[in-house]
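Subject: Structure handover

Hi,

Here is the structure I promised to pass on. Have a look at it first, and then read on for what turned up.

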Amino acid sequence: MSRAEPIELGLTIPLQRHLCVKALPHGQELDRRFCWDLHVIPLRGRSSLLAVHSHTRYTFVLYDLTRPDWERLPEVFQKGLTRSLSRAGFPAEAANLLYGPGQSLFTKTHGRREVAFLNRAWDDVMAAELALEESVQSQLLLDQLVNAKPSRCVGFDGLGAAAERLAAVIRELS
C-alpha cells in the first residue's frame with residue numbers, strides 16, 4: 001500500500017538559501033504524518049541534511065551532501081528515508097506508507113512548533129556528534145541515538161521516543 005498524493009518537504013529558510021529557492025507555498029497537507037521539515041546543518045564542516053518528521057519528530061541525517069545531491073534533494077531524501085527506516089528495523093513497506101509514489105512538494109516549514117522540535121532534534125544531533133561516521137552518508141548510529149532519546153513532538157502528548165511514535169504511525173497507516 002502506498003499513498004497517491006505527494007508528501008510535503010518543508011524547507012527551512014537556511015535550506016532555501018542554500019538551494020537558491022526563492023518563494024515557496026505554504027503547506028496544504030493538514031495531516032502531519034505526511035510532512036517532513038528539512039534543514040541544512042554543518043557537521044564537521046560539511047553541509048549535511050537534517051530531516052525531521054513533522055508528526056513524530058523521527059529524525060535522520062545525511063552527512064556531507066554534494067552539490068549534485070542537493071540539486072536532486074527529493075530523490076536523495078527518499079533514498080535516505082528508506083535506508084534510515086530499513087536500518088532502524090522498520091518493515092520494507094514503511095517508506096511507501098510515509099512517502100508514497102516518490103513524489104514530493106517543496107513548501108515552507110510546517111509551523112512554529114514543528115520548527116522548534118526540528119531545532120531540538122538538531123541539538124540532539126550535535127550532542128551525539130561523536131557517533132558521526134564520516135565515511136558514509138547515512139548515519140545509522142547517530143539516527144538511533146537521536147530517535148531513542150525521549151522528546152516531545154506535535155503529534156503525541158508527553159515525552160516519548162521518536163522511533164516508537166513512528167512505529168505507531170506506521171501501524172495506523174498499514
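Is Cys-153 buried or exposed? Cys-153 counts as buried, because its relative accessibility is 3% (buried means under 20% relative accessible area, exposed over 50%, partly exposed in between, with a 1.4 Å probe and protein chains only).

Before the rest, a word on how to read this. The model is predicted, so local features need pLDDT of at least 70 and side-chain atom pairs count only at pLDDT 80 or more, while totals for chains, interfaces and linings use all residues. Residues are numbered from 1 along each chain as its sequence is written, and side-chain values use heavy atoms, with hydrogens and water left out.

Back to the cysteines. The closest cysteine sulfur to that of Cys-153 belongs to Cys-35, and at 14 Å it is too far for a bond. A search of the whole structure finds zero disulfides (a disulfide being a pair of cysteine sulfur atoms within 2.5 Å). Cys-20, on the other hand, counts as exposed, at 66% relative accessibility.

Next, the nonpolar cores (sets of buried Ala, Val, Leu, Ile, Met, Phe, Trp, Tyr and Cys residues joined through side-chain atoms within 4.5 Å). The largest has 34 residues, and Leu-15, Trp-36, Leu-38, Phe-77 and Leu-85 have the most contacts inside it. Among the elements that give two or more residues to this core are strand E2 (35-43), helix H3 (73-87) and helix H7 (162-173); helices (H or I, at least four residues) and strands (E, at least two) are DSSP runs, numbered from the N terminus. H7 gives the most to this core, six residues. Another core lies apart from it, with 14 residues, including Ile-41, Val-61, Leu-118 and Ala-128.

You'll find Thr-12 in the loop between strand E1 (7-11) and helix H1 (13-19), and it is buried, with a relative accessible area of 7%. Its side chain makes a polar contact with the side chain of His-39, at 2.6 Å (that is a pair of N or O atoms within 3.5 Å; within protein, one must be able to donate a hydrogen and the other to accept it, and residues adjacent in sequence count only if both atoms are side-chain atoms).

Finally, Leu-159 sits in the loop between strand E6 (150-151) and strand E7 (160-161). Leu-159 counts as exposed, at 57% relative accessibility.

Cheers
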